[in-house]
Amino acid sequence: PENEMHVYDYYMSMNKNMLGKYNDSTIMGVREAYFAMNVEIDLIIGNLVNESNKLGYNESNTVYMYTSDHGEMNMEHRQDW
């Protein structure tokens, strides 16, 4: 609930016009989609590594780097961007 939010989270949610916009059911739906996208990227990275290994690239001669957001798209702190 908004009255239990940290002051900073409340301020950011207010500035992003996110206060009162989502109920718990909607947030769970967004999180389910977010987690499904995580599973999908895990599969894609696995395929990339497997195909790279077939071409002679491996952990001794290749560095794989992956970056990600830190939770906003998962509705953490009632944020979505």
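Visitor: With which side chain does the side chain of Ser-60 make a polar contact?

Guide: Welcome! Keep in mind that this model is predicted. The partner of Ser-60 is the side chain of Asn-58, at 2.4 Å. The cut-off for a polar contact is 3.5 Å, and 2.4 Å falls within it, so the pair counts.

Visitor: Why is Ser-60 called exposed?

Guide: Its relative accessible area is 68%. You can find Ser-60 in the segment after α2.

Visitor: What makes Thr-62 count as buried?

Guide: Thr-62 also belongs to the segment after α2. Its relative accessibility is 19%, and buried means under 20%, so Thr-62 counts as buried. The side chain of Thr-62 also has a polar contact of 2.8 Å with the side chain of Asn-61.

Visitor: How many of the residues of the protein are buried?

Guide: Of its 81 residues, 20% count as buried. In helix α2, the buried residues are Ile-27, Tyr-34, Val-49 and Ser-52.

Visitor: How do you know what span to expect of α2?

Guide: Helix α2 covers residues 24–54, which makes 31 residues. The expected span is 1.5 Å times one less than the number of residues, and for α2 that gives 45 Å. From its first C-alpha to its last, α2 reaches 45 Å, close to that expected value. The protein has two helices and zero strands.

Visitor: What is found at the start of α2, and what follows the helix?

Guide: At the start, a side-chain oxygen of Asn-23 comes to within 3.2 Å of the backbone nitrogen of Ser-25. After α2 comes Gly-56, with a positive phi near 100°.

Visitor: What makes the pair Lys-54 and Glu-51 a salt bridge?

Guide: Their side chains meet at 3.1 Å, N to O. The cut-off is 4 Å between a side-chain nitrogen of Lys or Arg and a carboxyl oxygen of Asp or Glu, so this pair qualifies. The count for the structure comes to one salt bridge.

Visitor: Where do Lys-54 and Glu-51 lie?

Guide: Both are in helix α2, three residues apart, about one turn of the helix. An α-helix has 3.6 residues a turn, so residues three or four places apart point the same way.

Visitor: Why do Lys-54 and Glu-51 get separate labels for accessibility?

Guide: Lys-54 has 64% relative accessibility, and exposed means over 50%, so Lys-54 counts as exposed. Glu-51 has 44%, which lies between the limits of 20% and 50%, so Glu-51 counts as partly exposed.

Visitor: How much accessible surface does the protein have?

Guide: The accessible surface comes to about 6,500 Å², and 58% of that belongs to carbon and sulfur atoms.

Key
Residues are numbered from 1 along each chain as its sequence is written. This is a predicted model: local features need pLDDT of at least 70, side-chain atom pairs count only at pLDDT 80 or more; totals for chains, interfaces and linings use all residues. Side-chain values use heavy atoms; hydrogens and water are left out. Helices (H or I, at least four residues) and strands (E, at least two) are DSSP runs, numbered from the N terminus. Buried means under 20% relative accessible area, exposed over 50%, partly exposed in between (1.4 Å probe, protein chains only). Accessible areas come from the Shrake-Rupley method with a 1.4 Å probe; for residues, only the protein chains shown count as cover. A polar contact is a pair of N or O atoms within 3.5 Å; within protein, one must be able to donate a hydrogen and the other to accept it, and residues adjacent in sequence count only if both atoms are side-chain atoms.
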